[in-house]
Amino acid sequence: MSGEPIKPKSADKASEAGKEGSLPEARPSASEDIAAFVARARAMSPHAAGARGRLIFALDATMSRQPTWDMACALQADMFREAASLGSLDIRLVYYRGLNECRASSWISDSAQLAKLMGKIDCRGGNTQIGKVLSEARREAVASGVRAMVFVGDAMEESVDELCIKAGELGMLKVPVFMFQEGHDGVAEHAFREIARLTGGAWCRFDPGAAAQLRELLRAAAAYAAGGREALLRLSKRGSSAAKLLGQMK
């Protein structure tokens, strides 16, 4: 596939009633789906040597986020480079912007392809849609296996209780979410910390425009997605960002 943003296959029927390309709201948790996924996960070594890691890379692309979007575009190759020393990494880009627009790419295994895709996307004003991002992560976790999700944002304008329900589902599926917060918004911090806690992930703040901080956080998340806790532990001996994430994870 080209990597251009698409709507998930599960949303094909829903697209007639909603905006094309929008991510669907998650259907109620299906215990049989969760049980099947857990069984598959237990039957396989979750971080087998040479296995491909899968990481959801989600970003807030509302208007205020353009500088950070550009920075993330420049830094995303570091995730692939970090993962290359451990195995390999596939990334699915998910972003929201504007009025009810939330899109996902296909799985991408090449940093140049992801950079080209991100370079075509401009930020637009609108409210946060973190719930849709979590729903997409859950769908992919059940459908194809996801080792971790990264979210980069600075605000939260949704029901924190509803977000926590979705986060709890990801926690049951053993998909940790790394919530990377830009800035100091208190409402966002509360929600981001809860999402991280419920999924067994981690929360970390980085300063606006701090490329070095975000680079280290993305590298740490990629290390986990490609090599698991052991890889993150090794990386923590070289950098404080990985150590901070590891210290929070259950």
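Which residue in strand 6 is the bridge partner of E182? The close-ups below lead to the answer. They show a predicted model, in which local features need pLDDT of at least 70 and side-chain atom pairs count only at pLDDT 80 or more, while totals for chains, interfaces and linings use all residues. Numbering starts from 1 along each chain as its sequence is written, and side-chain values use heavy atoms, without hydrogens and water.

View 1. The strands follow the order 3-2-1-4-5-6 with mixed pairing. Here strands (E, at least two residues) and helices (H or I, at least four) are DSSP runs numbered from the N terminus, and two strands pair if DSSP finds at least two bridges between them. Strand 3 (101–108) and strand 6 (202–206) are the edges, each pairing on one side only. Neighbouring strands are turned by 15° against each other on average, direction ignored.

**View 2. The pairing of strands 5 and 6.** Five bridges link strand 5 (residues 177–182) to strand 6 in the parallel sense. Here is our answer: E182 has F206 as its bridge partner.

**View 3. The hairpin of strands 2 and 3.** These strands run antiparallel, joined by six bridges, and V94 stands opposite A104 in strand 3. Three residues lie between the two strands, and G98 in the turn has a positive phi of about 55°. Seven of the eight residues of strand 3 are buried (under 20% relative accessible area, 1.4 Å probe, protein chains only).

**View 4. Helix 2 across the strands.** Helix 2 (residues 66–84) lies across strands including strand 1 (52–60) and strand 4 (148–153), and runs at about 165° to strand 2 (88–97). Angles run from 0 to 180 degrees between N-to-C directions of axes fitted to C-alpha atoms, for helices over the stretch in contact (heavy atoms within 4.5 Å).

Notes. Buried means under 20% relative accessible area, exposed over 50%, partly exposed in between (1.4 Å probe, protein chains only).
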